[in-house]
Amino acid sequence: MADLTDTLRDPRFVGAVARSFAQGRPTVVTVVLSCRGSMPREASAAMAYVGDGFIGTVGGGKVEAMVQERCLAAADGTGPADDLTWYTHAMTGMACGGDALVGIHRLVPADAVFLDRLLDALDAGAGHWLEAAWPEEGPAALAVRDGAPDVPGPASPGANETLWYPEARTYVEGPVAEPVVYVFGAGHVSAALVPALSAVGFTCEVADDRPALAVPERFPDARTVRCGDFVDVARGLPVGPRDYVVVMTHGHVADLDVLKAVMDRHPTYVGCIGSRSKRRLFDEELLSAGIPAPEVAALHLPIGDDIGAVTPAEIAVSVCAEMVRHRAGGPHHRS
C-alpha cells in the first residue's frame, strides 16, 4: 500500500486546496497521470498552487520546476488554464531517465461541487472513484464517482490502482482503503512514533488504559485517542488486512493479550516492542493460543530496524523505517 500523502486521497492536501479556492485565490491542481521508466513519484502524486505558494510535490527536480512554472502561468492568466504534457527525459534532461504525464487544471466555480464531494467521501472513509478528463478543448473536468467510470478505449496501467486512457484523455483512480496504524500504548516511544508515522503518511489511532496518558493533547497527530481496557478496545476495532498494529503497552501481559486479540484478523503488519527472549516466550504463547504459525513468524518482535536504537526517539525512527519498507513491499513484506 503506497503512501497517500500529497494525493487526492490525502484529506490534508485536499483540505488546503479547498480552503484556497473558497478564499477566492487562484488555485491550480496538478497530478501525475502516468509514468514510463523510473520517476521520483508515481501516478497519483499531486501538487497545487494555493495563491501564496505550492503544496505537495510531483517529484522534485526539473519536472517539478517546469510544472510549477506552468502552474504560475495558469494562475495569473499568462498561460493556459489547463495543460496536459508528457515531461520526457529528452525535455527535462533528468538523470533518472523516466517520463511523466502531468495534468494541470486551474479550478473553476464548477469544481466547488467536486471538492465538496471529495472531502465528504474522505471524511466518511467511503470507497470512491476519481475521474479527471482533459478534453482537446475546454476545461478539465474532475469528478467523484460512486462506481467505476465508463471510459472508452484501452487503458495504460499506472500505479496505486490508477489508469490512464490516452484516447479519452482521461485519468481514473480506483478506490483505495486508507490503512490505519493502531498503536496500543501511549508511553514515551508511542509519543515519538505517532508524529513520525504521520509525517510519512500513516494515519494513527492510539489506545491506552491510563487516563493520564490517553488524551488527545498528548497525540495531536493521531486521528483518535482511546482510553479503556486494552483487550476490550482491541476487540472493538475494525482491524483488517490492510491495517498495521503496533503494540507498546506498559507490560508483557497486556502486550500478549492485545496480540491474541488482533492477530487472527490478519493485519498486514504486526509489531511488538521487546527483546529476543520475549520473542521466544511470545511465540510459544501465541502458538498455544491457536494463532497460525505463519502469522506468528511474521510478527515483528523486536519491532523496528536494528540500528542500535536506545532512546524513544531513536526507537521511533527504527520502527518508522521498518513500516515504510513494509508498505513499499520490501523484505519481510506480507500483504
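How many bridges pair strand β6 with β7, and in which sense? Strand β6 (residues 129-133) and β7 pair over 5 bridges in the antiparallel sense. Strands count as paired if DSSP finds at least two bridges between them.

This is a predicted model, where local features need pLDDT of at least 70, side-chain atom pairs count only at pLDDT 80 or more, and totals for chains, interfaces and linings use all residues. Residues are numbered from 1 along each chain as its sequence is written, and side-chain values use heavy atoms, with hydrogens and water left out.

**The sheet.** The open sheet has 5 strands in the order β7-β6-β10-β9-β8, with antiparallel pairing. β7 (141-145) and β8 (156-157) stand at the edges; each has a single partner strand, so one side of each lacks a neighbour in the sheet. W129 has R145 in β7 as its bridge partner. Helix α4 packs on the sheet and touches β6 and β7. Contact means heavy atoms within 4.5 Å.

**Elements and residue ranges.** Helices (H or I, at least four residues) and strands (E, at least two) are DSSP runs, numbered from the N terminus.

| Helix | Residues |
|---|---|
| α4 | 111-124 |
| α7 | 252-262 |
| α8 | 276-288 |

**The helix pair.** α7 and α8 pack at about 45°, with their axes 11 Å apart. The contact involves H252, D255, L256, L259 and K260 of α7, and K278, F282, E285 and L286 of α8.

**G304.** G304 lies in the loop between α9 (293-298) and α10 (312-327). G304 is buried (under 20% relative accessible area), at 13%. Not counting residues up to four places away in sequence, G304 touches S318, V319 and E322.

Key. Axes fitted to C-alpha atoms, helices over the stretch in contact; angles between N-to-C directions. Buried < 20%, exposed > 50% of the residue type's maximum accessible area, 1.4 Å probe, protein only.
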